[in-house]
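Please look through the sequence and the 3D view below before reading on.

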Amino acid sequence: MFLVRLISFLPFRLLYVFSDLLAFIACYLVKYRRKVVISNLTDSFPQKSKKEIDAIAWKFYRFLGDYIVETVKLASMSPKTMRERLIVENIDLINEAVDNGQSVSVYLGHYGNWEWVSSLPLHISKNAQCAQIYHPLENKSFDRILYKIRTRFDANNIAMADILPALIKWKKEGIPSVTGYIADQAPGFNIHLFVDFLHHDTGVYTGPERISKFLGAKAVYAHISRPRRGYYILRFENITDNAAQEAIFETTRRYFELLQKNIEEAPQYWLWSHRRWKRSRDQFNEFHGDRAEEMLTHL
């Protein structure tokens, strides 16, 4: 952590020089998951030419380098600098719900610098507890570093296994919660819904919707844009005023519609190196056998 903090004090312009070097090495020398990146992009944008796909891939690697150095920079960024570089346009959409005693579910994707969204407590009403689901890493050193970075601005970093007990506790105490869910990962075979996402039949997580219904939470999508290097704009888009009142799966479907639109605006900022579509519906059906159809009827 000492080394990370030391590097984080370097100015952005110098960190971005290092980022460009990382991008070149990852894309052209090491070819880090390049086959996965090209395959994902080609299948997701069948209308684009090979030249266009290669151009997006290079922009993605450049952004991946930026994501790394920007996350390191997070270790020492002041609240003032954070507010200047991540502009939150309509936080009232959340604070009005919180001040009325309602919890809020914030849906995110692996889009833009999602690590910087951990600074949301700088903007959110003090009447709420802010939380983000945390997946402990196998490497304990990196796990400790990321934990410290993600909690710098007073967000509660809570492991997936512990999030529901924490939310129940706050609910019993009458404390509204604002919880972030990065819900675009590839789930295991415990799938309850497939959606059409980026030209793929995609199995998705429905846990965030199940929790949101239990809480009677307002659900919003965190739309992220990047007007220039090192600066982001976060704008909340309403999914539902109360997830408990929505039909089953409607909140999840709406989230993936908004995420896809966000990705299509500037594809280079999504995590294309992730093996997102490694489990097909056929594999799901084979795994569950006679129970497959039943699995897709409930959250």
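Why is helix H9 (residues 207–215) largely enclosed by the rest of the structure? In this predicted model, seven of the nine residues of H9 are buried, and so the helix is largely enclosed by what lies around it.

**Helix H9 and its surroundings**

- The buried residues of H9 are Gly207, Pro208 and Glu209, then Ile211, Ser212 and Lys213, and also Leu215.
- After H9 comes Gly216, and the phi angle of Gly216 is positive, near 65°.

**How H8 and H9 pack together**

- Two packed helices are described by the angle between their axes together with the distance between those axes.
- For H8 and H9 the angle is about 15°, and the axes lie 11 Å apart.
- Because angles under 35 degrees count as roughly parallel, H8 is described as roughly parallel to H9.
- The crossing that H8 and H9 make is right-handed.
- On the H8 side the contact is made by Ile163, Leu164, Leu167, Ile168 and Lys171, while on the H9 side it is made by Ile211, Phe214 and Leu215.
- Sorted by kind, the residues of this contact between H8 and H9 comprise seven nonpolar and one charged, with no polar residue among them.
- An α-helix has 3.6 residues a turn, so residues three or four places apart point the same way.

- Is Asn262 buried or exposed? Its relative accessible area is 0%, and because buried means under 20%, Asn262 counts as buried.
- Once its neighbours within four places in sequence are left aside, Asn262 is in contact with Tyr111 and with Tyr221, Ala222, His223 and Ile224.

**Leu296, after helix H12**

- Leu296 belongs to the segment that comes after helix H12 (292–295).
- With a relative accessible area of 25%, Leu296 is partly exposed.
- Which residues does Leu296 touch, not counting those up to four places away in sequence? They are Ile191, His192, Leu193 and Phe194, together with Phe249, Arg281 and Phe284.
- Although Leu296 and Ile191 are 105 residues apart along the chain, their C-alpha atoms are separated by 7.4 Å.

Note on methods
Residues are numbered from 1 along each chain as its sequence is written. This is a predicted model: local features need pLDDT of at least 70, side-chain atom pairs count only at pLDDT 80 or more; totals for chains, interfaces and linings use all residues. Side-chain values use heavy atoms; hydrogens and water are left out. Buried means under 20% relative accessible area, exposed over 50%, partly exposed in between (1.4 Å probe, protein chains only). Helices (H or I, at least four residues) and strands (E, at least two) are DSSP runs, numbered from the N terminus. Contact means heavy atoms within 4.5 Å. Axes are lines fitted to C-alpha atoms, for helices over the stretch in contact, and angles run from 0 to 180 degrees between N-to-C directions. Angles under 35 degrees count as roughly parallel, over 145 as roughly antiparallel, 65 to 115 as roughly perpendicular and the rest as oblique. A crossing is left-handed if the near helix is turned anticlockwise from the far one by less than a right angle, and right-handed if clockwise. Ala, Val, Leu, Ile, Met, Phe, Trp, Tyr, Cys and Pro count as nonpolar, Asp, Glu, Lys and Arg as charged, and the others, Gly among them, as polar.
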